[in-house]
Amino acid sequence: MNWFKKKAIDDERIVNLKNNIYKEAYMLIMLICSVSAVIKTWFLPDRGSVLTEMLVILGGSLYFSIRSVAMGIYSDEVEVHDQHHKMSFSRRTAISGLAIGLILALFLGIRSAVVYGDGSSQTAWKYFLSVFLFSLIFYIPLFAGTMTAIHHFANRVSRKVSQNDQLDS
């Protein structure tokens with residue numbers, strides 16, 4: 001019985017190729033779920049539930065994030081990114097939060113102007129500006145702050161795990 005026998009050492013090239021295939025499969029699943037959610041939300045008349053797609057997208061992303069932090073990979077990825085790019089990962093995360101908040105504010109402002117504008121350009125501008133400014137004030141700090149805080153927390157925890165792994169070896 002070979003139940004407790006250690007597994008043979010795998011070829012690094014094969015392991016890397018398998019990891020690339022898993023990465024491609026993950027991206028394909030995320031793309032299919034995203035397209036399905038958009039089609040169900042915008043183009044189907046019955047507006048079917050997109051709960052399954054959102055669970056797959058959010059669950060897969062959350063699992064990947066937690067595992068990469070728990071294994072200490074996240075901080076290593078941040079270091080590699082910072083070495084190869086002019087913009088630091090922290091700055092990129094903050095700018096991404098700002099961009100998401102701005103895009104959401106524009107979307108909500110335009111939607112409010114179209115839906116509630118009553119055909120008058122003055123009313124439409126009033127709705128657009130009020131919703132856009134409120135959304136900017138609310139969503140930019142929410143997204144930029146949340147994304148930056150999550151990045152710093154994940155990076156700190158991942159760095160501690162990585163240092164503990166190096167000390168154990």
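In this predicted model, Ser68 touches Ile73, Tyr74 and Ser158, leaving aside residues up to four places away in sequence. Ser68 is found in helix 2 and, because its relative accessibility is 6%, below the 20% cut-off, it counts as buried.

Ser65 is partly exposed because its relative accessible area is 37%, a value between the limits of 20% and 50%.

Helix 1 comprises residues 12-42, 31 residues in number, and from its first C-alpha to its last it reaches 45 Å, which is close to the 45 Å expected at 1.5 Å a residue. Within helix 1, Met30, Cys33 and Ala37 are buried, and the buried residues of this helix pack against helix 2, which covers residues 51-70.

How are two packed helices described? The description uses the angle between their axes and the distance between the axes. For helix 1 and helix 2, the packing angle is about 145° and the axes are 9 Å apart, while the crossing of the two helices is left-handed. To this contact helix 1 contributes Tyr26, Ile29, Met30, Cys33, Ser34, Ser36, Ala37 and Lys40, and helix 2 contributes Glu53, Met54, Val56, Ile57, Gly60 and Ser61. By class, the residues of the contact between helix 1 and helix 2 divide into eight nonpolar, four polar and two charged. Met30, Cys33 and Ala37, named above as buried in helix 1, are among the residues that make this contact.

The unreviewed UniProt entry carries the annotation "transmembrane region" for residues 21-43, 55-74, 95-115 and 127-150. Two of these annotated spans are set out below with their secondary structure in the model and the separation of their end C-alpha atoms.

| Span | Helix | Strand | End C-alpha atoms apart |
|---|---|---|---|
| Residues 21-43 | 96% helix | 0% strand | 32 Å |
| Residues 127-150 | 100% helix | 0% strand | 33 Å |

Definitions and conventions
Residues are numbered from 1 along each chain as its sequence is written. This is a predicted model: local features need pLDDT of at least 70, side-chain atom pairs count only at pLDDT 80 or more; totals for chains, interfaces and linings use all residues. Side-chain values use heavy atoms; hydrogens and water are left out. Helices (H or I, at least four residues) and strands (E, at least two) are DSSP runs, numbered from the N terminus. The expected span of a helix is 1.5 Å times one less than its number of residues. Buried means under 20% relative accessible area, exposed over 50%, partly exposed in between (1.4 Å probe, protein chains only). Contact means heavy atoms within 4.5 Å. UniProt positions are given in the numbering used here, feature names are shortened, and annotations may be inferred rather than shown by experiment. Axes are lines fitted to C-alpha atoms, for helices over the stretch in contact, and angles run from 0 to 180 degrees between N-to-C directions. A crossing is left-handed if the near helix is turned anticlockwise from the far one by less than a right angle, and right-handed if clockwise. Ala, Val, Leu, Ile, Met, Phe, Trp, Tyr, Cys and Pro count as nonpolar, Asp, Glu, Lys and Arg as charged, and the others, Gly among them, as polar.
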